[in-house]
Amino acid sequence: MKTSYTIEEINDVLQGELIGHTTQKINGPEQLQNANNNHITFVGSVKYVKFWADSKACAAVVNDNLKIEAGDNRAIIKVKNADLAMAKILELFNQPAPVFDTDIHPTAVIHETAKIGNGCKIGANCYVGKDVELGNEVILYPNVCVFDETIIGDKTIVWSGTVIRERCIIGSNCIFHTNVSIGADGFGYRPSNDGRGLVKIPQIGNVIIGHFVEIGANSCVDRAKFSSTIIGDGCKIDNLVQVAHNSVMGRSCIMAGHSGLAGSVTLGDGVIIGGSASIKDHTNIDSGATVGAGSGVMNDVKAGQTVLGYPAQDARDMLKQWVAMRRLVKK
């Protein structure tokens, strides 16, 4: 793997507008304030332009709508979207994944009925249960459990500590980070007839996860009471997120850290849920809607709407209320 690049080599990848020049070899990307003279940084917003002059970075990737000078022995690459361009640079410097000395570690326990695809790698102390099906090039890092009758598609990566319960269906090219829980029992209880306790409601459904889904560390997707909890293609779920039983997420939804869906919530396509937001059970959030961080959604949200606050309301209305309250407090 190459460890340093010239500014011209990096621009060959980005295909941006190169302004200025630097003779410095670039050894990696770094934030503006932390960069050294062998780093490339990025400026994606006007509020960060002021930090460029004092930064030690020899180069920067810059949104093409910003006014910024390269400087002496420094270069800038103007692109349409600096964030996406930096993703390409990060790929250049990305370290290889941990190495497997053997494709299937001798301490892995694999049921004789399991079907293991070509090129799979299964780490130490993994468990693969009865009638499990792994597609081609699936990677299970050490200490992963995949229980009976689960199906996992091609090239899905499952990091250590993750547990995938029985009868779940996982698509291809997914990434589950450390200690993810897929298919644990949904939270279902009802008061007993004598009023002296709670009766557990059996959760006999499963979880279905589409293709290209990524789920962050310590997040949970619970199995359905019946039918399926569904995560659509391309959804991205942050760390410490809860998706409760029978919830359905459309395609390419985003859920930020500490957010949660109660039971039977339905999200359309492209819904964005901000950090620490909570969604009440049996709520529908239509395609393209955004829920602000820390909000509590009690009612359905229309397509394309942005809601904010607790209880969540249209963001513009909520901001007006906050302004009015501040004026009252000042009086």
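Where in the chain is Pro311 placed? Pro311 sits in the loop between β36 (306-308) and β37 (313-314). In this predicted model, a cis peptide bond joins Tyr310 and Pro311, with omega at about -5°. Most residues other than glycine have a negative phi, and most peptide bonds are trans.

**Overall make-up**

The secondary structure of the chain amounts to three helices and 37 strands. Along the principal axes, the C-alpha atoms fill a box of roughly 80 × 70 × 30 Å. The chain has 331 residues, and 43% of them are buried.

**Helix α3**

Helix α3 covers residues 315-330, which is 16 residues. From its first C-alpha to its last, α3 reaches 23 Å, close to the 22 Å expected at 1.5 Å a residue. The N-terminal end of α3 is capped by Asp314, which has a side-chain oxygen 3.1 Å from the backbone nitrogen of Arg316. An α-helix has 3.6 residues a turn, so residues three or four places apart point the same way.

**Backbone angles and loops**

Another loop residue is Asn37, found between β2 (28-29) and β3. Asn37 has a relative accessible area of 45% and so counts as partly exposed, since that class runs between 20% and 50%. Its C-alpha is 47 Å from the C-alpha of Val297, and the sequence separation of Asn37 and Val297 is 260 residues.

**Two serines in strands**

Is Ser228 buried or exposed? Ser228 belongs to strand β24 (residues 228-231) and is buried, with a relative accessible area of 13%; the cut-off for buried is under 20%. The side chain of Ser228 makes a polar contact of 2.5 Å with the side chain of Asn206.

Ser278 belongs to strand β32 (residues 278-279). With a relative accessible area of 41%, Ser278 is partly exposed. Ser278 and Val144 are 134 residues apart along the chain, and their C-alpha atoms are separated by 29 Å.

**Pockets**

Rolling a probe the size of a water molecule over the atoms shows where empty space is left. The largest pocket has a volume of about 240 Å³. Its lining has 14 residues, and those nearest the centre of the pocket are Phe187, Gly188, Arg190, Lys225 and His245. Sorted by class, the lining of the largest pocket holds four nonpolar, seven polar and three charged residues.

The second largest pocket contains about 150 Å³ of space. Which strand gives the most to its lining? Strand β3 (residues 39-43) does, with three residues. Residues lining the second largest pocket include Thr41, Phe42 and Val43. Also among them are Gln31, Leu32 and Gln33, as well as Gly44, Ser45, Tyr48 and Asp83. By class, this lining has four nonpolar, five polar and one charged residues.

**Cysteines**

How many disulfides does the count come to? The count comes to zero, where a disulfide requires two cysteine sulfur atoms within 2.5 Å. Cys174 is in no disulfide, and the nearest cysteine sulfur, that of Cys235, is 10.0 Å away. Cys174 is buried, with a relative accessible area of 1%. For Cys253, too, the nearest cysteine sulfur is that of Cys235, here at 4.4 Å, and Cys253 is in no disulfide. Cys253 is buried, with a relative accessible area of 0%.

Technical notes:
Residues numbered from 1 in each chain as written. Heavy atoms only, no water. Helix = DSSP H or I, 4+ residues; strand = E, 2+ residues; numbered from the N terminus. Expected span 1.5 Å × (residues − 1). Polar contact = N/O pair within 3.5 Å; in protein donor to acceptor, adjacent residues only side chain to side chain. 1 Å grid on protein atoms, 1.4 Å probe; cavity = no way out; pocket = protein on both sides within 12 Å on 5 of 7 lines; lining within 4 Å. Points joined across faces, edges and corners; volume = space filled by probe spheres on them. Nonpolar A, V, L, I, M, F, W, Y, C, P; charged D, E, K, R; others polar. Buried < 20%, exposed > 50% of the residue type's maximum accessible area, 1.4 Å probe, protein only.
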